[in-house]
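Have a look at the structure first, then read the points below.

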Amino acid sequence: MSNKFDAIVKREQSLLCNTYGRYPLAVSKAQGSRLYDLDGREYLDFLSGIAVCSLGHSREDLADVMAEQARTLVHVSNLFYQEPQLDLAEKLLATCAAGKVFFCNSGAEANEGAIKLARRYMHRVRNEDRHEIITLEKSFHGRTLSTLTATGQSGPIKDGYDPLPEGFVTVPFGNVNALRGAIGANTAAIMIEMVQGEGGVRPLPSDYAADIAALCRENGLLLIVDEVQTGMCRTGRFWAHQHYGLVPDIFTSAKALANGLPMGAVLCSDEVAKGFTPGSHATTFGGGGVVSAVAARVVDIMVQEKMAERALEMGAFARARAEGLMVKHPGKIVGTRGLGLLFGIELSCDGPAVWKGLLERGMVCNLAQGTVLRLVPPLTIEKTDIEAFMAALDEVLGTVDPAA
């Protein structure tokens, strides 16, 4: 590592809370699908800020929207009517079957809002004492106390935060009988991800998703879909639930919504929206002028430039190349999975060593569950970049031993 890198590490240690296991990389700038470190070394970005900068880094057109809006209206709070917020709402709702939207600042806040909306709808509209939310094993829904409890993972993520809030039940992934058995008189909703990102890039099987929707209908439950990572064209449809023919009562968005600016959204049916009334839920910063204007432009670009179709094409291209490597390196790749450009390569060799080898070769990606290379590049990624990544992976796999 360079002296510049060592200096920034020491500086951080003296200033910031120690909550992140940082990658051994300090990013000084980013452009398109490239990151650059303090010494100017270039990296191909297959992480895009964890599925956030889906239109690429440092886009001039989005920077222009940001600057123009910042000169007009940045923040006045949600006590006032604001046209940029309404413009975004119209464009976002046009991509789905939802009837209303609430804007906030992050995925965790969006999921927290979805949980609150489900409970309040049951209590105040349906007059039913239902509050429990069922989630799936290995799910990830956020870092607030409620969304952390909803998350179907254990370990450091939950360590030391007891007592966690009541009202959440987690069931095994893919087990319809366990899901059916968990439904009781207090159940308000089932909350799912169409593809579990942090859980190892695991898509819901189609029949399982259909069973979940049927159980919701049969038992009068709300269906909540966490689209924080899967939404905004990432999987090859504007929303991942559209692959499955589902119409959620509530679903959430965040990461890619404003291409790097902090923004989240709770989308819901007109009926379920009755659960929120003035004073029942709020946020100071959510849907401010700048983030709304940028997000509206993001939606326009994604629709006009057919980013969902591009995600399907590039995801299929990446899968074909990865499956070729599986044949070339027996005992090192279990398989591939995902939807569109939310793409996972499951390893049966030393996952951390492979990830490290890729980084050393200028390839940035994520390792989920210790064994799955999670690739969530910008949707603007080029085939030549995917080829370069797979060439680096080919080289790295040649240096590690197969599974015993």
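1. Start with what lines the largest pocket: by class, that lining has 23 nonpolar, 19 polar and eight charged residues. Keep in mind that you're looking at a predicted model.

2. The volume of this largest pocket comes to about 1,700 Å³. There are 50 lining residues, and those closest to the pocket's centre are Tyr20, Ile50, Arg143, Glu198 and Lys255.

3. Next, the second largest pocket, with a volume of about 900 Å³. Its lining is made of 27 residues, and Asn78, Gln85, Val101, Phe102 and His281 sit nearest the centre. Helix H4 (83–93) and strand S4 (100–104) each put in at least two lining residues. Sorted by class, the lining of this second largest pocket has 15 nonpolar, eleven polar and one charged.

4. Now for a helix pair. How do H3 and H10 pack? Helix H3 (residues 60–70) meets helix H10 (residues 289–304) at an angle of about 150°, and the axes are 9 Å apart. Angles over 145 degrees count as roughly antiparallel, so that's the label for H3 and H10. Their crossing is right-handed.

5. Who makes that contact? From H3 come Asp61, Leu62, Val65, Met66, Gln69 and Ala70, while H10 brings Gly289, Val290, Ala293, Val294, Arg297, Val298 and Ile301. By class, that gives nine nonpolar, two polar and two charged residues where H3 touches H10.

How values were computed
Residues are numbered from 1 along each chain as its sequence is written. This is a predicted model: local features need pLDDT of at least 70, side-chain atom pairs count only at pLDDT 80 or more; totals for chains, interfaces and linings use all residues. Side-chain values use heavy atoms; hydrogens and water are left out. Axes are lines fitted to C-alpha atoms, for helices over the stretch in contact, and angles run from 0 to 180 degrees between N-to-C directions. Helices (H or I, at least four residues) and strands (E, at least two) are DSSP runs, numbered from the N terminus. Angles under 35 degrees count as roughly parallel, over 145 as roughly antiparallel, 65 to 115 as roughly perpendicular and the rest as oblique. A crossing is left-handed if the near helix is turned anticlockwise from the far one by less than a right angle, and right-handed if clockwise. Contact means heavy atoms within 4.5 Å. Ala, Val, Leu, Ile, Met, Phe, Trp, Tyr, Cys and Pro count as nonpolar, Asp, Glu, Lys and Arg as charged, and the others, Gly among them, as polar. On a 1 Å grid over the protein atoms alone, a cavity is a set of points where a 1.4 Å probe fits but cannot get out, and a pocket is an open set with protein on both sides within 12 Å along at least five of seven lines; lining residues have an atom within 4 Å of a point. Grid points are joined across faces, edges and corners, and a volume is the space filled by probe spheres set on the points.
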